[in-house]
Structures are given as structure tokens and as C-alpha cells.
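Me: Hello! I have just opened my structure and would like to go through it step by step. Could you help me read it?

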Amino acid sequence: MIGYLVRRVGGAVLVLFGLSLLLYGLFYLAPSDPAILTCGKGCTPERLAEVRHALGVDDPVATQYAHFVRGLVAGRDYPAGPATRHCPAPCLGYSFETDQPVTRLLLDRLPVSASLALGAEVLALTAGIGAGVLSGLRRYRWLDRIVNGLVLAGYAVPVFLVGLLLLLLFCVQLQWLPFPSYVPLTTDPLAWARNLLLPWVALAVIQTAAYARLTRAGIQETLAEDHIRTARAYGLPERRIIWRRALRGALLPLVTLTAIDLAAIMTSAVLTETMFGLPGVGQLLVGAVNQIDLPVVVGVTLLAGLLIVAANTVADLLYRAVDPRVELR
Amino acid sequence: MTTLTVENLRIRFGDTVAVDGLSFELPAGSALGIVGESGSGKSATALALLGLHTSATIEGRISFDDLDLTGLNDKQWRQIRGARIAMVFQEPLTALSPFHTIGDQIAEVYRLHSGASRQAARQRAVEVLRQVHIPDPAGRAASYPHQFSGGMRQRALIAMALACRPRLIVADEPTTALDVTVQAQILDLLDEVRETTGTSLLLISHDLGVVAGSCDRVVVMRRGLAVEQGETAAVLGAPTDAYTRELLQAAPHPTPPRKNDGKPLLRLAGVRKHFKQRRREPVKAVDDVTLDVRAGETLGIVGESGTGKTTLARLMTGLLTQSAGTITLDGVDIARRPGGSVQMVFQDPLSSLNPRRTIGESIADPLRLSGVRDPRSRVEDLLERVGLARREYDRYPHQLSGGMRQRVGIARALAPGPRLIVCDEPVSSLDVTTQAQVLALLEDLREELGLTMVFISHDLAVLRQIADRVAVLADGRIVEIGDTAQVYAAPQHPYTKELLAAVPVADPAEARRLRALRRSLDLSDTKS
């Protein structure tokens with residue numbers, strides 16, 4: 001178990017280094033120059049060189065990468081005019097665009113994204129498992145057909161359409177809810193939930209569809225297994241068979257999927273964040289890519305990688321807890 | 001006094017009649033066997049006794065202790081199931097929930113029917129686990145099914161059946177998935193349970209030998225009908241029905257030995273095959289095997305699951321490369337053998353044939369490989385030779401029966417004109433009458449084509465019929481090898497003795513003698 005965790009952490013470090021290396025390589029190959037963007041209109045060659053130096057992009061890419069890694073592990077000092085400013089480890093550098101520390105930017109936006117992801121997943125799991133169980137037990141009856149139709153619709157409708165319709169209905173027509181703007185949970189829990197309700201629903205629509213399908217298939221598959229027949233042959237009531245035996249097997253694949261979905265929503269729910277004006281990590285990434293803001297791009301990508309690896313490890317541990325046959329090696 | 005009376009039972013699935021007018025009686029405390037091949041309706045009968053059919057129409061009467069089971073509603077059924085009639089299923093691995101411990105599963109059933117406290121239910125679970133000879137029952141109750149061996153899982157299922165002290169235990173092919181020595185242990189256990197608890201036993205099997213040793217009366221079923229029933233000794237000793245006679249004749253029987261002094265064709269010297277494992281000791285599947293297969297002989301190799309039979313077969317055909325030692329065919333390293341000179345017949349003909357290609361195309365493959373341009377007529381000749389019609393060329397594997405598919409497997413092995421054929425459990429998935437036909441076919445082909453054959457099986461009776469010499473495999477090593485007659489008459493190694501005592505035989509008197517022999521060999525120690 002401990003050996004397993006050590007191996008997983010070691011693997012994660014390797015993955016993250018590989019990821020950052022890849023990003024630097026891609027950035028180096030890209031034809032655009034962040035200094036030109038920063039320097040702005042009417043930029044003289046001398047000024048451009050200064051900007052380049054300030055951003056650190058005049059060094060060879062290998063040197064840049066070495067600096068980056070050193071900053072990450074030990075922190076690093078940046079020239080700021082005559083003085084220097086210290087960026088403590090783990091240092092991801094300063095945004096080319098806003099000159100703020102990348103770690104600060106990420107920490108500001110992570111709670112927003114986490115709130116969004118957690119709420120959406122709770123909603124989606126509840127609705128998805130519920131619908132999946134219902135339709136799995138009533139296979140090929142009208143309820144199953146309705147659920148299946150809704151699931152397909154959920155898959156097909158793009159999130160921005162759902163979002164716009166929700167905004168139109170609840171904020172414009174009925175005026176039951178305010179236009180979403182993020183309020184931290186610690187400031188006012190009620191306002192936090194009210195503001196996030198619509199984004200949660202919009203995001204949950206697609207996830208619900210996926211979970212419902214998986215649960216339906218899982219329930220049907222488990223109910224056909226021999227040990228369910230044994231349970232029936234020993235007089236266990238049907239309800240107990242479903243809740244204690246079938247559901248456990250049916251929900252196993254959901255564990256992995258949910259963990260990875262959580263990590264994915266936290267870093268890449270760009271459309272939802274944009275539509276509802278939520279200052280999340282996804283928005284940060286899109287802005288940074290447009291501005292060739294390398295430190296921010298690297299920062300967000302590493303965060304995404306870290307979350308995915310962590311989510312996978314948690315999923316494996318959960319899997320082990322739910323299914324005694326699983327061995328962690 | 002009778003525990004169970006079945007009168008004129010009819011089970012239909014839509015228009016298909018699975019059981020057609022079956023009647024039998026099971027006296028209290030006795031054992032009844034139902035024997036039949038696949039599709040005879042024996043499992044459908046078992047499920048009907050517990051009301052477990054969901055889509056079948058059931059007619060007739062099933063009386064159980066003065067209770068008419070045919071008219072029960074769901075709730076009444078649930079009070080019978082497990083409490084008064086308990087079932088033991090075929091596949092002990094899948095028949096238990098993988099998510100709950102053995103003890104919890106048994107305790108759950110007991111609590112459900114007795115209303116006992118958790119504590120009392122747990123105690124009862126340990127008690128019945130002890131009754132079926134699980135070592136350290138209190139400790140092992142906390143194990144999950146995957147931590148048990150096949151035999152122990154079947155014991156656990158029997159323990160579960162015993163938990164509520166039922167009046168009747170229905171065992172549907174309880175030993176089919178098990179090794180022969182474990183099978184003997186489980187049958188002995190069922191017998192012991194019946195003696196000590198006074199419960200009645202309905203034992204369903206395709207194997208006459210399994211029923212012969214364990215049942216007082218037997219019903220022979222064919223296509224939903226009981227063709228014959230009566231005292232086991234009478235039915236099996238002097239059958240009146242033609243089908244019963246056919247079944248008995250189809251069971252493998254010893255043949256007079258053939259002397260073969262041919263030169264060695266395939267030679268294995270010090271052959272080992274170790275499979276590396278991550279962070280574990282390598283698995284020594286084949287460990288220092290030295291043997292010769294003589295030209296023209298049939299060498300039988302017998303062993304239980306996990307003894308390295310299949311690995312050895314794959315080494316002999318060059319499908320695997322040995323970790324150490326040499327394998328030569330006619331003096332040439334097996335890796336450089338002439339193409340097509342060694343062929344293999346696999347255990348499961350359904351999964352070893354490509355389901356998306358016609359069987360003719362599958363057989364034609366090795367011919368095309370050896371440069372035959374238009375192999376169709378050659379393939380049709382082969383089909384005819386193995387007892388199939390020429391027009392079967394264009395059919396797909398799923399359209400054929402198990403026996404026909406195995407004939408296809410044999411035709412494919414014959415196609416390139418091999419000198420040696422390695423058969424890996426070629427008849428173990430077939431019904432006994434089909435098995436007899438396929439064995440006869442292999443025998444004919446060997447005579448006619450002068451083939452050399454290696455025949456791998458877990459079934460000692462089959463080997464006794466087909467093999468000239470037998471090698472006994474245990475833990476990747478050959479513990480005994482010799483002429484078939486000699487090995488069977490005077491086994492030297494303890495493991496061979498154990499195997500031979502475990503073979504089910506269709507003669508009830510002999511079966512009882514073997515059970516006594518097993519007890520004296522003390523095989524009921526808990527090694528499964």
C-alpha cells in the first residue's frame with residue numbers, strides 16, 4: 001500500500017516534468033513572440049530587446065527551462081528594474097500579461113472552479129444514478145425509453161445552449177435568480193449556492209447523461225450475474241438484492257469516471273465559466289493561450305496534470321475500498 | 001414419507017418445451033439423481049423447484065412436504081428458498097457475491113430466515129463452515145470468495161445451503177467446474193451431509209459416474225422426457241431404455257493395449273517454462289520435463305488444473321519457447337520444424353474458430369499457407385473425412401453444434417498433413433455421447449493416417465480408452481509415466497493413486513468401493 005503510493009507519487013512527478021518539457025518545446029517551436037505583444041505598438045528594436053530580456057525569453061530554451069525547474073523546486077529571483085524580486089518555491093513565474101505571480105492567479109481561481117466542479121458532480125451523480133437505476137430495472141418499458149431519450153438529448157445539446165436557455169428562463173423571464181457572479185462560500189454560503197445553481201445545472205446535464213447510461217448498463221449486467229441468481233435462490237428480497245448486491249457492482253466504473261471528470265471540470269470548463277462570468281481556471285487558460293502568456297499556460301497545464309493524476313490515485317484507492325478483488329500493485 | 005413429489009411437470013419457454021411431463025418422487029432423507037445431456041431439461045427442472053423461472057410457463061404439480069409449490073406467490077416462495085429448499089450451483093466462483101465475505105453471505109441468509117441476531121448468525125456461519133471442513137472456519141469466514149480455491153468455494157456454497165437446515169438440497173452440476181480429486185471430495189461431502197443432517201438430496205449431473213456413487217434412485221432425462229427411472233443399481237446395471245444403454249456405452253471404457261516400439265518422434269529433454277512475474281517468484285509452469293513421444297503412438301498426459309498441461313502442449317507445438325532444455329522433432333529443433341508438421345486441436349472449438357469466417361475458410365487457411373491455390377475441394381474432402389457434409393463449408397461456427405465444431409477443429413489440424421497432433425482437452429466440453437463419437441474419430445484418423453498423437457486431458461477414463469502410454473503431470477513435473485494398462489492397474493506415485501481413486505465410475509458398487517478407498521486414503525483432509 002505504502003509502496004503503491006510511493007510509486008504513484010514518483011510516477012506523477014515524472015508525468016508533470018514530461019508535461020512541462022513538452023510545453024516548453026511546443027512554445028519554442030511556435031512562430032509567435034510574446035515580447036512583441038507585450039511591447040505593443042510603435043515598439044523600437046531596442047525596447048523589444050529590453051522586454052525580451054525582462055521576460056527571460058532571450059535565453060536559449062534549454063536555459064529557460066532550467067530556470068523554470070529551479071524556480072519550481074527552490075524558488076528564483078527575477079530582475080525588476082534595479083532591484084530583484086524573490087519568487088518563493090514552488091515558483092511558476094510571473095504572468096507576461098499582468099505581471100502577477102502565476103501561483104497567486106491559480107490560487108485565486110481554483111476555489112471558483114472547485115465550487116463549480118463539485119456542485120455539478122453532486123447534481124450529476126444524483127440524477128444520473130437515479131435515472132440509470134430506474135431505467136435499468138424497467139428495461140424496455142416506457143420509463144426506460146423516456147430516460148434513454150432524455151439521455152441522448154443531454155448528450156446532444158451543447159452546454160452553451162443549455163446555459164443560455166437557463167439564463168433566459170430563470171434570470172430574464174422569471175427573474176427567480178440573479179445573473180451569476182461568484183460569491184465565495186466563506187462569505188455567504190447561500191449566495192454562493194444561488195449564484196452557482198445555473199452553472200451547476202448546465203454542466204450537470206451532460207455528465208448526468210453519461211452516468212445514467214453507465215449505471216443502466218451496469219445494473220443490467222450485474223443483475224444477470226450468477227451471484228444474483230444465488231441471492232434469489234436463497235430468498236433474499238428483490239429490493240435488498242438491488243441495493244446491496246447489484247448496485248455495488250454497477251457503480252464501480254463510475255468511481256473512476258467521476259474522479260477524472262472532477263479534475264477535468266476544474267481546469268477546462270471554459271464555456272460554462274465564460275457564459276456565466278465565473279473567474280475560473282478554464283477562463284484563465286484561454287486568456288493566457290491567446291496572449292502567449294507562457295508562465296500561465298504552463299502553470300494551468302501542470303495544475304491540470306496534477307489534478308488528473310491525483311484524481312486517478314484517489315479513484316484507485318476508492319476502487320480498492322469498494323471491490324475487495326482489486327489489488328494495488 | 002416423501003419430501004418431494006413432481007407430477008407431470010411441463011416447462012415451456014414460449015413454444016419451446018423444455019420439460020415435457022416429468023414425474024418423480026424423492027423420499028425423505030434419500031438422494032435422487034437426474035442425469036441427462038445438455039438440453040435435456042434437467043436444469044430447468046431444478047430452477048422450477050425453487051420458482052426461479054421468470055419467463056417460463058409451468059404446468060403440473062410440485063408437492064413439497066404437503067405444500068403445493070406451483071401456486072405460491074413471491075412472498076411465499078421467498079420463505080421456502082434457502083430455508084426449506086436450498087440450491088447449490090455449478091460455478092462456485094460466480095455463484096457467490098464478490099463484494100461480501102463468505103461469512104457475511106451465509107449469515108445474511110440465516111438471519112433472513114431465522115430472525116437471529118447478528119452475533120448468532122455469525123456463529124451459525126462459522127458452524128456450517130466447520131461442518132463442510134473449511135480449515136480455521138472462524139478466520140476464513142472473513143475471507144472473500146476470490147481468496148478461496150474452487151473446491152473451498154463449493155464447500156462454502158454447501159455451507160450456505162446447510163445454514164437454515166433445509167429439508168431438501170438441490171445440487172445442479174455441483175462438481176462440473178472442479179478437478180477430479182476435488183470433485184470426489186465434494187461428492188463425499190454431500191453424501192456425508194445427507195447422512196448427518198437427514199436432508200434429502202436432488203443431484204443433477206451430466207455424468208453417470210457422479211450420480212452412481214451418490215444416489216439411491218436415478219432419473220434419466222432426454223429432451224425434456226424421463227426415459228427411465230428407478231433404483232440406481234437397476235438402471236445403471238440393467239438399463240431397459242435404449243438411450244440409457246447408449247449413455248452407458250458412450251462412457252469411456254478401457255481398450256486392449258497396443259504395443260508400440262516406434263522410434264522417438266518428439267523428444268523433450270530437461271524442458272522448463274518459467275513465466276516471469278512482477279515483484280514475485282516466477283511461475284514454474286513446466287519444470288524439468290523429459291519425455292519421448294514415439295512415432296505412431298498416442299501419449300496421454302493427465303493432470304489437474306494448474307499443473308502445466310496446456311503450457312506443455314504449447315511448448316510441444318512451438319507456440320511457446322521453452323526457458324531451458326531442448327525439444328526436437330525428428331532430430332530437428334522444434335523452432336525449425338517443417339511447416340505444418342505439428343498441429344494442435346484446442347479445447348474450446350467455439351472460441352478457437354474465427355466467428356466471422358466460414359468454417360471452410362478457417363480450414364483452408366493452413367492449406368493456402370502451404371501454397372495450395374484453390375483449396376476448396378481439398379477442404380470439402382477433409383470435412384467429409386471428419387464426418388461433416390461437404391456443404392458445411394459455407395457455414396459459420398455458431399451454426400454448428402459443439403461436436404461438429406470440434407470436428408472442424410480436427411479437420412483444420414489435419415489440413416497441412418501433420419505428423420504429430422497435440423490435442424489439448426479436445427472432448428472436455430462435449431456431452432458424453434458426442435465425446436464418444438469424437439474419440440472414435442480421432443482413433444480412426446490415427447490408424448488411417450499413421451499419426452502420432454499427444455492427448456492431454458484431466459479425465460483419466462478418456463485417457464484409458466485412447467492412450468497407449470500415460471504421463472501424470474503434477475506441479476509442472478512428470479511424476480509417473482508408463483504403459484496405460486500398467487499405470488492404471490498398479491499406480492506407483494501417491495498422486496496417481498489419489499487421481500485414480502477419485503475417478504467417478506458408473507457402476508454403483510464400484511463407486512462405493514472407491515468412496516471407501518478414498519476415506520482410507522484420507523483424502524477428505526482439507527487440501528482443496
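Predicted model: local features only at pLDDT ≥ 70, side-chain atom pairs only at ≥ 80, totals over all residues.

Me: Is A:Ile292 buried or exposed?
Reply: A:Ile292 sits in the loop between H12 and H13 of chain A; helices (H or I, at least four residues) and strands (E, at least two) are DSSP runs, numbered from the N terminus. Its phi is positive, about 45°, although A:Ile292 is not a glycine. With a relative accessible area of 14%, under the 20% cut-off, A:Ile292 is therefore buried.

Me: At what angle do the axes of helix H12 and helix H13 of chain A cross?
Reply: Two packed helices are described by the angle between their axes and the distance between the axes. Here axes are lines fitted to C-alpha atoms, for helices over the stretch in contact, and angles run from 0 to 180 degrees between N-to-C directions. The axes of H12 (residues 281-290) and H13 (residues 294-322) of chain A come within 9 Å and cross at roughly 145°.

Me: How many nonpolar residues are in the contact of H12(A) with H13(A)?
Reply: Contact means heavy atoms within 4.5 Å. From H12(A), A:Val281, A:Leu284, A:Leu285, A:Ala288 and A:Val289 meet A:Val296, A:Val297, A:Val300 and A:Leu303 of H13(A). Ala, Val, Leu, Ile, Met, Phe, Trp, Tyr, Cys and Pro count as nonpolar, Asp, Glu, Lys and Arg as charged, and the others, Gly among them, as polar. By class, this contact has no polar and no charged residues, and the number of nonpolar ones is nine.

Me: What share of the residues in chain A is buried?
Reply: Chain A has 13 helices and two strands. Its C-alpha atoms fill a box of roughly 85 × 55 × 40 Å, taken along the principal axes. Of the 329 residues in chain A, the buried share is 43%.

Me: How far apart are the C-alpha atoms of A:Leu203 and A:Ala120?
Reply: A:Leu203 belongs to helix H8 (residues 189-223) of chain A and is buried, with a relative accessible area of 12%. Among the residues it touches are A:Leu116, A:Ala120 and A:Val159. A:Leu203 and A:Ala120 are 83 residues apart along the chain, yet their C-alpha atoms are separated by 6.0 Å.

Me: Which residue of chain B has its backbone oxygen 2.7 Å from a polar atom of the side chain of B:Thr232?
Reply: B:Thr232 is in helix H9 (residues 232-237) of chain B and is buried, at a relative accessible area of 2%. A polar contact is a pair of N or O atoms within 3.5 Å; within protein, one must be able to donate a hydrogen and the other to accept it, and residues adjacent in sequence count only if both atoms are side-chain atoms. The backbone oxygen at 2.7 Å is that of B:Cys215.

Me: Is B:Asp66 buried or exposed?
Reply: B:Asp66 lies in the loop between strand E4 (57-64) and strand E5 (67-68) of chain B. Its phi is near 65°, a positive value in a residue other than glycine. As the relative accessible area of B:Asp66 is 81%, the residue is exposed.

Note on methods:
Residues numbered from 1 in each chain as written. Chains lettered and ligands numbered in written order. Heavy atoms only, no water. Buried < 20%, exposed > 50% of the residue type's maximum accessible area, 1.4 Å probe, protein only. Lists of a residue's contacts leave out its neighbours within four places in sequence.
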